[in-house]
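Trainee: I've got this one open on my screen and would like to go through it with you. Can we start with one of the helices?

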Amino acid sequence: MFERFTRGARAAVKGAVVQAERVGADSVTEEHLLLALLEQEGGRTSFAVTALGLHDRRASLDAAFAEARRRGGLTRADTDALAGIGIDIGAIVSRVEGAHGEGALAAGRGGRRWWWSGHRPFTSGAKTVLENSLRVALGRGDRFIGEEHLLLALTAKPGVVADVLAEHGATYATVQRALYGPDADGSQGHAKAG
């Protein structure tokens, strides 16, 4: 599959590893993939994230991810669903942090398994994004996997990254429009026949 990745997509994957190293994470996550895409310049994805205002709201994105890590990786939808049955995640987080310290529920900051092998593994979620980027590319009729396919795959995979992006106005549909124009239908950039 990686032979289909463009230089930009390969740079994004390598950048995700750097993002994980920067924060001392045990593994590379979907969040690291997104942050690497946000740092890329000069491509279609860079234009799209700028057009969607994500570059200007980087601090807000970082804060939303930090809050999700505090909740143990629960999405807002998960938190709302649990609140609907009387479970207050905020109260639980406060009690756990009171007993074990701030960030006690944050995942991915543990045993440093990567040290033995010399690299950080990708989480199953990050691997799914990479696999789904192939599906996105094939669905568009593209023979390559570019960073734009990675970004679309991130918006399509349910979870914290897609939730945070949606909260910031970057859904699959809005990203697709920013990448391919208002008439984009997902297949080679042609408008739908009406």
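Mentor: Let's take α3, bearing in mind that this is a predicted model: the buried residues of α3 pack against α2 (30–39), α9 (147–156) and α11 (172–180).

Trainee: Which residues of α3 are buried?

Mentor: In α3, which spans residues 44–51, the buried ones are Thr45, Ser46, Ala48 and Val49. They lie on the same side of α3, because the arc they cover around the axis is only 165°.

Trainee: And what is exposed on the other side of α3?

Mentor: There you find Phe47 and Ala51, both exposed. After α3 comes Gly53, which has a positive phi, near 80°.

Trainee: Switching to charges, how many salt bridges does the structure hold?

Mentor: There are five salt bridges, and one of them joins Lys157 to Glu30, with the closest N and O atoms 3.1 Å apart. Lys157 sits in the loop between α9 and α10 (160–167) while Glu30 belongs to helix α2, so this pair ties together parts that are 127 residues apart in sequence.

Trainee: Are Lys157 and Glu30 buried or exposed?

Mentor: Both Lys157 and Glu30 are buried.

Trainee: What about Arg58, which residue does it form a salt bridge with?

Mentor: Arg58 pairs with Asp62, the closest N and O atoms being 3.3 Å apart, and the two lie four residues apart in helix α4 (residues 58–70), about one turn of the helix. Arg58 counts as partly exposed because its relative accessible area is 24%, and Asp62 is likewise partly exposed, at 31%.

Methods
Residues numbered from 1 in each chain as written. Predicted model: local features only at pLDDT ≥ 70, side-chain atom pairs only at ≥ 80, totals over all residues. Heavy atoms only, no water. Buried < 20%, exposed > 50% of the residue type's maximum accessible area, 1.4 Å probe, protein only. Arc of directions from axis to C-beta. Contact = heavy atoms within 4.5 Å. Salt bridge = Lys/Arg side-chain N within 4 Å of Asp/Glu carboxyl O.
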